Amino acid sequence: MTVAARPSTQPAAERLAALHRGLGWLALPAVIFALYMGLVWAPEERTLGVVQRIFYFHVGSAWNAYLAFFIVFVFSIAYLVRRKDGFDAIAVSAAEVGIVFTVLTLLTGTFWARAVWNVWWTWEPRLTTTVILLFMYIAYLLIRAAAEGSDRRGRLASIFGIIAFANVPLVHFSATWWRGMHPTVIQLDGPAPRLEMDPRMITAMMVGLAALTVVSAYLFVHRLRLEQMTRRVDALKERARLEVEN
Amino acid sequence: MSSGTMFLFLGFSAVWAVLALYMWTLGARQKRLAEDIAMLSDVLEEKREA
Amino acid sequence: MSMARVMLAIIWKDFRLEWRTGEVLLTPGLLALLLMLVFIFALPPAAMKAEGVFTASMWTTLFFAGTIGVSRGFGRERGDGRLAGLLLAPVDRSAVFLAKAVSALLFMAMVTAVMMPLFFGAFGQTLAGPLWQWLVMTGLVITAYSGVGTLVAAVAAQLRSGEVLYPVLLFPLLVPIVLAAVHLSDALLLEGGWAGHGGWLQMLVLYNVLFWGVPYLLFEYVVEV
């Protein structure tokens, strides 16, 4: 045990590292299985053909993006109330992973649009909402980069994390009504219901969703470890600075 | 039909590329942080001994 | 001191400071005029009368010009630590937010009152629907804008290069208002009324409640010293 290590952080860091490894071992077979289910096992869609299979990873990507930003929301509130650094670390890690999955949602969504509507991009409600989502959480990271001091950074980012998430349903409804779709509270939008959703397709979709959730958890834990290490570096630098002064 | 397969392949490749790129950045950052921790720990140990 | 008196005191202080220099309306007003000219020059003549172009140009101009005035709500204070001074006073933080947001609203109202008729004239448009509906819609839009704009201004004031970041932070949050403003304006201009567009109005009201309510509740966290 080195001189600089604080006893209380070692077991936590080791637990996180173990969790990281465990998720890694789980993620790889999960992804392979999901690929098999989506690309081979699921029946081919009658009208759209083989390219429709991207759908099996589109839903999972979107789900993980929204889940990640929900975690940002919850832990932003938690940080403002309790001011525990761990909560802030969770929020920033979730935000970064959320951005990755937002990009994946946009990518799979674009290929989906190409498959269904024969255009590379369309201002369809969910794609539009996803773009705004991306900008909001990039803004979240920009705030963190531009804030001086960890207290200010955590506090201001948390405020933004809360209002950004509150904005999501508003953007969703606005984007849905924007192109003339009738405003109702519960929206069965998008191509999914219009496809004949064979139960095997639903199964493949759920497997894809589960696999991507494991992947996102794996990335999240990795990012959280990095955050832990960053804070350790800051603590060490602070101690070095104090040593110099004495 | 074959163009559909190509789009599918491109789509999955793009997804894989993004995930691989992100994992690579995580790995690179981890390496740099580990080096920083080791360096700072050494510096503090030296000061302790001095 | 009661909350209302505190609010009025802060609003009056800002108002007097601004009117002394006159900058409050001059710079954003000029910017709005220039943006309008850019749109007029950039659009082909046929396009100016095309459906939706007028409202898109007008609201874009107002939202962009508005960022200068609204962000100053806190920008002015950051210079010599006056923000800290304001907060050391024994006032409820939420009162500070309300005061700044109301000031922002007054500012937006003044700019809008000047620019809207100019836009109507420059684009040769007339209002088909009832004026009261247009005024209510405009009121809801600029109120929403002031609320969220003030909150983001308070955050940006505490960041390095906050003035530069301000629009980047604000505009994704503004999307629902932009869509509502343009949609309702088009309805009032082309259909003669907002019947059938109640959903948009409800969303505007909800947005206002959310983006005045949440900052009001959280403001003590926003401006912690």
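This passage describes the chains of a predicted model and the contacts between them.

Chain A is built from helices. It holds six helices and zero strands. From the N terminus on, its elements run α-α-α-α-α-α. Of the 246 residues in chain A, buried residues make up 46%. Among contacts in chain A between residues at least 6 apart in sequence, 78% join residues at least 24 apart.

R83(A) is not a glycine, yet its phi is positive, at about 60°. The residue sits in the loop between α2 (55–82) and α3 (85–117) of chain A. R83(A) has 13 other C-beta atoms within 10 Å and is therefore partly exposed, as a residue counts as exposed at 12 or fewer and as buried at 20 or more.

Chain C is also helical. Nine helices and zero strands make up its set of elements. Along the sequence the pattern is α-α-α-α-α-α-α-α-α. The C-alpha trace of chain C spans about 55 × 35 × 30 Å along its principal axes. Its radius of gyration is 18 Å; a compact globule of 225 residues would have a value near 17 Å, so the two agree. Of the 225 residues of chain C, 43% count as buried. Among contacts in chain C between residues at least 6 apart in sequence, 84% join residues at least 24 apart.

Helix α2 of chain C was examined along its length and around its axis. This helix covers residues 23–42. Its 20 residues, at 1.5 Å a residue, should span 28 Å. Five named positions in α2(C) are buried: V24(C), P28(C), A32(C), M36(C) and F39(C). These residues cover an arc of only 85° around the axis, and therefore lie on the same side of α2(C). The other side of α2(C) carries exposed residues, namely L26(C), L30(C), L34(C), L37(C), V38(C) and F41(C).

A positive phi also occurs in a loop of chain C. S161(C), a residue other than glycine, has a phi near 45°. S161(C) is found between α7 (131–156) and α8 (162–191) of chain C. With 10 other C-beta atoms within 10 Å, S161(C) is exposed, because 12 or fewer such atoms define that class.

Two pairs of chains touch, and the pair with the most contacts is that of chains A and B. This contact takes 30 residues from chain A and 23 residues from chain B. On the side of chain B that touches chain A, 13 residues are nonpolar, five are polar and five are charged.

Chain A also meets chain C. Here 26 residues of chain A are in contact with 25 residues of chain C. On the chain A side, the elements that give two or more residues are α4 (125–146) and α5 (150–178). Helix α5(A) gives the most to this side, with 15 residues. By class, the side of chain A that touches chain C has 21 nonpolar, two polar and three charged residues.

Chains B and C do not touch. The nearest C-alpha atoms of chain B and chain C are 24 Å apart.

How values were computed. Residues numbered from 1 in each chain as written. Chains lettered and ligands numbered in written order. Predicted model: local features only at pLDDT ≥ 70, side-chain atom pairs only at ≥ 80, totals over all residues. Contact = placed C-beta atoms within 7 Å. Helix = DSSP H or I, 4+ residues; strand = E, 2+ residues; numbered from the N terminus. Nonpolar A, V, L, I, M, F, W, Y, C, P; charged D, E, K, R; others polar. Expected span 1.5 Å × (residues − 1). Arc of directions from axis to C-beta. Rg over C-alpha atoms; globule rule 2.2 N^0.38 Å.
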